[in-house]
Amino acid sequence: MSRSARVIWDDALTSYNFGPSHPLHPVRVELTMALARDLGVLDKVEMSGCDPASDDELAMVHHRSYIEAVKGVSATGRPDLSAGLGTTDNPAFAGVHEASALISGASLAAARAVWEGAAEHAINVAGGLHHAMPATASGFCVYNDPALAIAWLLRQGVSRVAYVDVDVHHGDGVQAVFYDDPRVLTISLHESPRTLFPGTGFPEETGADGTAVNVALPAGCGDSGWLRAFHSVVPPLLREFRPEILVTQHGCDSHALDPLANLMLSVDGQRAAYAALHRLAHETAGGRWIATGGGGYELVQVVPRAWTHLIAEVAGHPIDPATPTGQGWRQFVRQRTGETPPLTMTDGRNPEFRDLSGGYDPADPIDRAVMATRNAVFPLHGLDPLP
């Protein structure tokens with residue numbers, strides 16, 4: 001379906017580095033790009049560099065006093081707890097402003113490429129830092145690059161932007177920035193805030209005219225339940241909202257192996273979600289699609305495969321799940337991490353789901369979560385919450 005696709009990349013994007021023991025280790029994007037290159041995925045896209053976001057661009061979302069505080073930490077490496085830097089989640093490090101501004105610049109470059117027609121789809125796998133708030137760092141995120149991309153699009157005159165977040169954690173920062181803005185529809189599917197950071201994302205958080213949508217899924221939810229929830233909520237809302245551009249965040253920490261969360265998806269289930277969002281970009285947004293990475297803390301077994309599938313989907317050339325990972329990449333993984341790499345691009349699953357149109361089970365916790373969301377927001381969009 002893709003007419004043209006652009007990957008925004010610069011090796012300096014790996015400088016966003018909270019230290020060797022931090023879960024958000026940049027080796028995950030390094031291994032992703034190496035795998036995508038090894039499998040020939042990058043041969044099917046246009047590669048483009050980026051510039052750091054300027055202070056004026058960052059100020060579309062972030063307070064200038066916060067930007068100055070991050071710069072102060074960046075110059076000295078010393079914590080500034082008032083800015084949220086120097087905590088376990090968000091350690092202070094020298095160069096943090098430059099590294100964070102470059103990630104934001106990459107997402108802005110993706111937005112610019114799609115809006116100006118240089119590419120139909122664009123992706124920044126290093127981005128997706130959706131927890132950053134206007135005046136503080138949060139949840140491993142310093143500057144909120146998806147929110148900045150959306151804010152830039154609105155300044156260009158875009159009237160409707162839809163943002164779909166499939167990270168296991170609630171996309172709280174993006175929701176907060178646009179909570180009262182009816183031009184932006186934010187949809188987040190995540191593990192219930194009762195069991196996972198950041199403790200927000202209940203279905204009752206509906207924003208302006210129902211433009212904040214939250215599907216809070218129970219711990220243990222796997223491929224079939226997650227896909228049932230996705231297809232029960234996302235397609236009808238996108239079809240009704242009719243965005244000019246679709247922005248998506250693809251944290252792959254919903255995987256069963258992720259050490260920081262409790263959903264049970266496979267790489268195959270995640271790949272099915274990417275394909276569904278690609279189809280919806282064409283159906284509802286004229287094909288204009290901006291994708292980012294996000295969370296994902298199983299650095300070898302999950303992130304590189306999930307996001308290589310994502311890049312391939314963005315490129316319009318999906319990878320056969322049975323494809324083996326190459327010997328060269330496996331050797332690189334051993335040298336770089338000392339870990340045993342995965343042998344193929346699949347977890348051996350064939351995700352299927354039952355559509356909600358066949359009825360829902362009020363005793364099923366996934367169906368209860370779905371119906372809580374549909375009851376909260378569907379009437380605000382003129383949609384019937386009942387299947």
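1. Ground rules. The model is predicted, so to speak: local features need pLDDT of at least 70, side-chain atom pairs count only at pLDDT 80 or more, and totals for chains, interfaces and linings use all residues. Residues are numbered from 1 along each chain as its sequence is written, and side-chain values use heavy atoms, with hydrogens and water left out.

2. Helix 3 itself. Helix 3 covers residues 64-76, 13 residues in all, and spans 19 Å from first C-alpha to last, close to the expected 18 Å (1.5 Å times one less than the number of residues). Helices here are DSSP runs of H or I with at least four residues, strands are E runs of at least two, and both are numbered from the N terminus. Just past the end of helix 3, Gly-77 has a positive phi of about 75°.

3. Its two sides. Tyr-66, Ile-67, Ala-69, Val-70, Val-73 and Ser-74 are buried in helix 3 (buried is under 20% relative accessible area, exposed over 50%, partly exposed in between, with a 1.4 Å probe and protein chains only). Looking down the axis, these buried residues fall within an arc of 160°, so they line one face of helix 3 (the arc is that of the directions from the helix axis to the C-beta atoms). Ser-65 and Ala-75, on the other side, are exposed.

4. Packing partners. The buried residues of helix 3 pack against helix 2 (55-58) and helix 4 (96-115), where contact means heavy atoms within 4.5 Å. On the helix 4 side, Ile-67, Val-70, Lys-71, Val-73 and Ser-74 meet Val-96, His-97 and Glu-98. By class, that contact has four nonpolar, two polar and two charged residues (Ala, Val, Leu, Ile, Met, Phe, Trp, Tyr, Cys and Pro count as nonpolar, Asp, Glu, Lys and Arg as charged, the others, Gly among them, as polar).

5. Ser-192. This one sits in the loop between strand 5 (184-191) and strand 6 (212-217). Ser-192 is buried, at 10% relative accessible area. Setting aside neighbours within four places in sequence, Ser-192 is in contact with Ala-216 and Leu-217.

6. Val-233. Look for Val-233 in helix 7 (residues 223-241); its relative accessible area is 0%, so Val-233 is buried. Not counting residues up to four places away in sequence, Val-233 touches Val-213, Val-215, Val-370, Thr-373, Arg-374 and Phe-378.
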